[in-house]
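Work through the exercises below with the structure open beside you. Try each task before reading its solution.

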Amino acid sequence: MLPPALLASFLPSFLPSSPAATCLAECSRSHGYCEKPGECKCRIGWQGPSCDACVRYPGCLHGTCLQPWQCNCREGWGGLFCNQDLNYCTNHHPCQNGATCTNTGQGSYTCTCPAGFLGTNCEVEVNECDSSPCRNGGSCSDLENDYKCTCPQGFYSKNCEISAMTCADGPCFNGGTCTEKHSGGYTCRCPLNYHGSNCEKKIDRLSTSSNL
């Protein structure tokens, strides 16, 4: 239903021009009329000095009309009021840090983040050191999509997980049995009552039994 103001203005649209009146020369014969000479009053749904421009649907934002009350969306816009940006990625460039933007319609989008970034717009850089990848006391330095472990003396490899010591160095304490690993380093098989990577820790039977 048309708004009351539009309904009220609809009544003159049926009225013909006064027989004695000569309308403005540019006045549309189809969409305008006059009640006195040199006048050009627009019929309902039309506007402009010559009454040759249609009135768009109320609320139409990025649309045009060929007939009154239409809202024909311009390229890149959609929705009833042509207010939904269908090409948000191109118009706004929301994705950061080299992410790929994909329009998903109705003014929305998704960002595909490159490795090392996350967030709605890939605005958050991932700190690879947050997962504490460096072992055996190694210190971690965050890099772009990577990290670097600075290993303490006696350890090496990406995460400082391999000991430079061998069984020949006698690394196992308290009677632990040493076995060389094919990948490098060694493992200690600890005797009863001892644990730790080098069997250096004695099991406290009192505290263990109190936790039972």
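This is a predicted model: local features need pLDDT of at least 70, side-chain atom pairs count only at pLDDT 80 or more; totals for chains, interfaces and linings use all residues.

**Exercise 1. A hairpin and its turn**

Task: Find how E9 and E10 run relative to each other, and how many bridges join them.

Solution. 
- Step 1. Locate the strands. E9 covers residues 100-105, and E10 covers residues 108-112.
- Step 2. Check the direction. E9 and E10 run antiparallel, and five bridges join them.
- Step 3. Pick one bridge. Asparagine 103 has tyrosine 109 in E10 as its partner.
- Step 4. Look at the turn. Two residues lie between the strands of this hairpin, and glutamine 106 in the turn has a positive phi of about 55°.
- Step 5. Classify glycine 105. Its relative accessible area is 22%, so it is partly exposed. The cut-off for buried is under 20%.

**Exercise 2. Another hairpin**

Task: Work out which residue of E14 stands opposite serine 141.

Solution. 
- Step 1. Find the pair of strands. E13 spans residues 139-143 and E14 spans residues 146-150.
- Step 2. Read the pairing. E13 and E14 pair in the antiparallel sense over five bridges.
- Step 3. Lysine 148 in E14 stands opposite.
- Step 4. Inspect the turn. The hairpin has two residues between E13 and E14, and asparagine 145 in the turn has a positive phi of about 60°.
- Step 5. Move to tyrosine 147. Lysine 158 lies over the face of this ring, at 4.3 Å from the ring centre.

**Exercise 3. Aromatic pairs**

Task: How many aromatic pairs does the model have?

Solution. 
- Step 1. Count. There are two aromatic pairs.
- Step 2. Take tyrosine 57 and phenylalanine 81.
- Step 3. Tyrosine 57 is in the loop between strand E4 and strand E5, and phenylalanine 81 is in the loop between strand E7 and strand E8, so the pair ties together parts 24 residues apart in sequence.
- Step 4. Tyrosine 57 is partly exposed at 36% relative accessibility. Phenylalanine 81 is partly exposed at 30%.
- Step 5. Take tyrosine 88 and tyrosine 109. Planes under 30 degrees apart count as stacked.
- Step 6. Tyrosine 88 lies in helix H2 and tyrosine 109 in strand E10, so the pair ties together parts 21 residues apart in sequence.
- Step 7. Tyrosine 88 is partly exposed at 23%, and tyrosine 109 is partly exposed at 22%.

**Exercise 4. The largest pocket**

Task: Which strand gives the most to the lining of the largest pocket?

Solution. 
- Step 1. Start with the space. The largest pocket holds about 290 Å³.
- Step 2. Find its centre. There are 15 lining residues, and the closest to the centre are Phe155, Glu161, Ser163, Tyr186 and Ser197.
- Step 3. Look at the strands. E16 (162-163) and E18 (186-189) each supply at least two lining residues.
- Step 4. Decide. E18 gives the most, with three residues.
- Step 5. Sort the lining by class. It has four nonpolar, eight polar and three charged residues.

Conventions
Residues are numbered from 1 along each chain as its sequence is written. Side-chain values use heavy atoms; hydrogens and water are left out. On a 1 Å grid over the protein atoms alone, a cavity is a set of points where a 1.4 Å probe fits but cannot get out, and a pocket is an open set with protein on both sides within 12 Å along at least five of seven lines; lining residues have an atom within 4 Å of a point. Grid points are joined across faces, edges and corners, and a volume is the space filled by probe spheres set on the points. Helices (H or I, at least four residues) and strands (E, at least two) are DSSP runs, numbered from the N terminus. Ala, Val, Leu, Ile, Met, Phe, Trp, Tyr, Cys and Pro count as nonpolar, Asp, Glu, Lys and Arg as charged, and the others, Gly among them, as polar. Buried means under 20% relative accessible area, exposed over 50%, partly exposed in between (1.4 Å probe, protein chains only). Rings of Phe, Tyr and Trp (its six-membered ring) pair if their centres lie within 6.5 Å; planes under 30 degrees apart count as stacked, over 60 as edge-to-face and the rest as tilted. A charge sits over a ring if NZ of Lys or CZ of Arg is within 6 Å of the ring centre and within 35 degrees of the ring normal. Two strands pair if DSSP finds at least two bridges between them.
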